[in-house]
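Me: I have a chain open here and would like to talk through some of its contacts. Could you take me through them?

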Amino acid sequence: MTPEPLGVWDVFLRMLCSMAVGTVIGTEREYSNRPAGMRTHILVALGACAVMLTGQMIFTQYSSYGAAPDPARLAAQVITGVGFLGAGTIMREGTTVRGLTTAASLWAVACLGVAAGGGYYAIALIGMVFIFITLTIFEMLQNRLMGQSSSMVFYCLETDDIATTLEVLNVHARRQNAGIRDMRTLRREDGSFQLLFQADIGGFRCKKRRQGFLNGLATEPIITSIHISAHWENEPAF
């Protein structure tokens, strides 16, 4: 018995279901301040759904001629191959990983390209719409849920002991799950030091964690002063 082909409504519902799965799992990861967040998971889910739908349509189309193609083989090859391309867009900046959403979008678009190349326009076009929504509307929703538009904050502190201050800074950064990068040091004429750095504190309760990070450093006796800056102050000489 030849299986019934999938209709546009079936494709829509399965794409919608995959988006729901990616949203729920990705939002949880976002609240945990993990590198791969809501949009990344949605893109991966949509791409995987598109490949699987394409494999099923190929099986339905050619089984009527007596052939028995494997619907899972297509998905396995695409997932493995495009992963190398996406890895090239991922960069590590200190403790922060960036480029995951771009890697996921490349992977998802490649999957939809397979669907379009097979002549399955419903999969390609509906998937394209969902990916576009993910990269635009969901970005605004993500920023609203997190309560911030940017997770990067500039800090400026003064200390007499730079070595001990760096140890204290790492302790508080781990406590608040903050990524420290672009650290710069200026030695003053009186022998003290000015330390400038950026802290990436995003995700769940980010505002409270930012304030906790600032208050924690302010209570350290080794740090004479600390404040948040909108940009680099007194560009130091290296």
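Predicted model: local features only at pLDDT ≥ 70, side-chain atom pairs only at ≥ 80, totals over all residues.

Me: How many bridges join E4 to E5, and do they run parallel or antiparallel?

Reply: Strand E4 (residues 179-187) and strand E5 (residues 193-200) run antiparallel and are joined by seven bridges. Two strands pair if DSSP finds at least two bridges between them, and strands here are DSSP runs (E, at least two residues), as helices are (H or I, at least four), numbered from the N terminus.

Me: Which residue in the hairpin takes a positive phi?

Reply: That is Gly191, with a phi near 95°, in the hairpin of E4 and E5, which has five residues between the strands.

Me: Switching to aromatics, how many pairs are there?

Reply: The count comes to five aromatic pairs, where rings of Phe, Tyr and Trp (its six-membered ring) pair if their centres lie within 6.5 Å, and planes under 30 degrees apart count as stacked, over 60 as edge-to-face and the rest as tilted. One of them is the stacked pair of Trp9 and Phe12, at 5.6 Å centre to centre with 15° between the planes.

Me: Where do those two sit in helix H1?

Reply: Trp9 and Phe12 are three residues apart in helix H1 (residues 8-31), so about one helical turn separates them. Phe12 is partly exposed at 31% relative accessible area, a class that lies between buried (under 20%) and exposed (over 50%), with a 1.4 Å probe and protein chains only.

Me: Which other ring does Phe12 pair with?

Reply: Phe12 also forms a tilted pair with Phe130, 5.8 Å centre to centre and with 40° between the planes. This pair links distant parts of the chain, since Phe130 lies in helix H5 (residues 121-146), 118 residues from Phe12 in helix H1.

Me: And is Phe130 buried or exposed?

Reply: Phe130 counts as buried, at 7% relative accessibility, whereas Trp9 counts as exposed at 58%. Trp9, Phe12 and Phe130 together form one aromatic cluster.

Terms used:
Residues numbered from 1 in each chain as written. Heavy atoms only, no water.
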